[in-house]
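I opened this model to see how the chain is laid out and what lies inside it. My notes are below, in the order I looked things up.

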Amino acid sequence: MARIGICMGSSCFARGNAENLGIVRDYVARNCPSVVVSLTGTLCRERCGSGPNITIDGCEYHGVTPDSILELLRRELHAGENP
Ligand code: FES
């Protein structure tokens with residue numbers, strides 16, 4: 001199971017995670033039929049300056065914009081799969 005946490009604190013939310021949330025939901029629904037994904041909104045972790053912040057399976061990713069999140073999801077949710 002992949003665990004994705006999206007910071008819903010006001011800074012991360014305003015700087016991209018509002019849009020990232022929809023992108024993640026859509027990506028998972030379309031591309032991860034065999035992967036169980038737990039998508040959770042998280043509270044501010046006081047790392048606002050490096051946001052928008054997202055965690056995937058405990059790894060933190062910073063500065064995740066709507067332009068860069070698809071590459072991150074492809075890389076992390078399909079690691080180990082054949083191209
Ligand atoms: S709002 Fe995301 S770390 Fe503060």
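The entries go from the whole chain to single residues.

**Entry 1: the whole chain**

I note at the start that this is a predicted model. I looked up the secondary structure and found two helices and four strands. Read from the N terminus, the order of the elements is β-α-β-β-β-α.

Next I looked up the overall dimensions. Along the principal axes, the C-alpha atoms fill a box of roughly 35 × 20 × 15 Å. The radius of gyration is 12 Å, and a compact globule of 83 residues would have one near 12 Å, so the two agree.

I then checked burial and contacts. Buried residues make up 20% of the 83 residues. Of the contacts between residues at least 6 apart in sequence, 71% join residues at least 24 apart.

**Entry 2: the strands**

Which strands pair with β1? I found that β1, residues 2-7, pairs with β2 in the parallel sense, over six bridges. Strand β1 is also joined to β3, by three bridges, and these two strands run antiparallel.

I wrote down some of the partners. R3 stands opposite S38 in β2. C7 has T42 of β2 as its bridge partner. On the β3 side, I6 is bridged to I54.

Is β2 buried or in the open? None of its six residues is buried, so β2 lies largely in the open.

**Entry 3: helix α1**

Helix α1 covers residues 10-31, and together with β1 and β2 it makes a right-handed β-α-β unit. I followed the helix axis and found a kink of about 70 degrees, centred on G16.

G16 is also one of the buried residues of α1, which are C12, G16, N17, N20 and V24. What covers them?

A rule about helices belongs here. An α-helix has 3.6 residues a turn, so residues three or four places apart point the same way.

I compared its position with R75, 54 residues away along the chain, and the two C-alpha atoms are separated by 17 Å.

**Entry 4: the nonpolar core**

Which residues form the largest nonpolar core? There are ten: I4, I6, C7, C12, V24, I54, I56, V64, I69 and L73. The elements giving two or more residues to this core are β1, α1, β3 and α2. The largest share comes from β1, with three residues.

In soluble globular proteins, nonpolar side chains tend to be buried together.

I picked I69 from the core and listed its contacts. Leaving aside neighbours within four places in sequence, I69 is in contact with N20, I23, V24 and V64. Of these, V24 and V64 are core residues too.

**Entry 5: the loops**

I went through the loop between β2, residues 37-42, and β3, residues 54-56, where P52 is found. The peptide bond joining G51 and P52 is cis, with omega about 0 degrees.

E46 is in the loop between β2 and β3 as well. Its phi is positive, about 60 degrees, although E46 is not a glycine. E46 counts as exposed because it has 8 C-beta neighbours inside 10 Å, and the limit for exposed is 12 or fewer.

D57 also has a positive phi without being a glycine, here near 50 degrees. D57 sits in the loop between β3 and β4, residues 59-61. With 13 C-beta neighbours inside 10 Å, D57 counts as partly exposed.

My last stop was H78, in the segment after α2. Is H78 partly exposed or buried? H78 is partly exposed, since 13 other C-beta atoms lie within 10 Å. H78 and V35 are 43 residues apart in sequence, and their C-alpha atoms are 9.3 Å apart in space.

Definitions and conventions:
Residues numbered from 1 in each chain as written. Predicted model: local features only at pLDDT ≥ 70, side-chain atom pairs only at ≥ 80, totals over all residues. Rg over C-alpha atoms; globule rule 2.2 N^0.38 Å. Contact = placed C-beta atoms within 7 Å. Pairing = 2+ DSSP bridges. Right-handed = clockwise from strand over helix to strand, strands pointing away. Bend = angle between axes of the 7 residues up to and from the residue. Core = buried A, V, L, I, M, F, W, Y, C linked by C-beta atoms within 7 Å.
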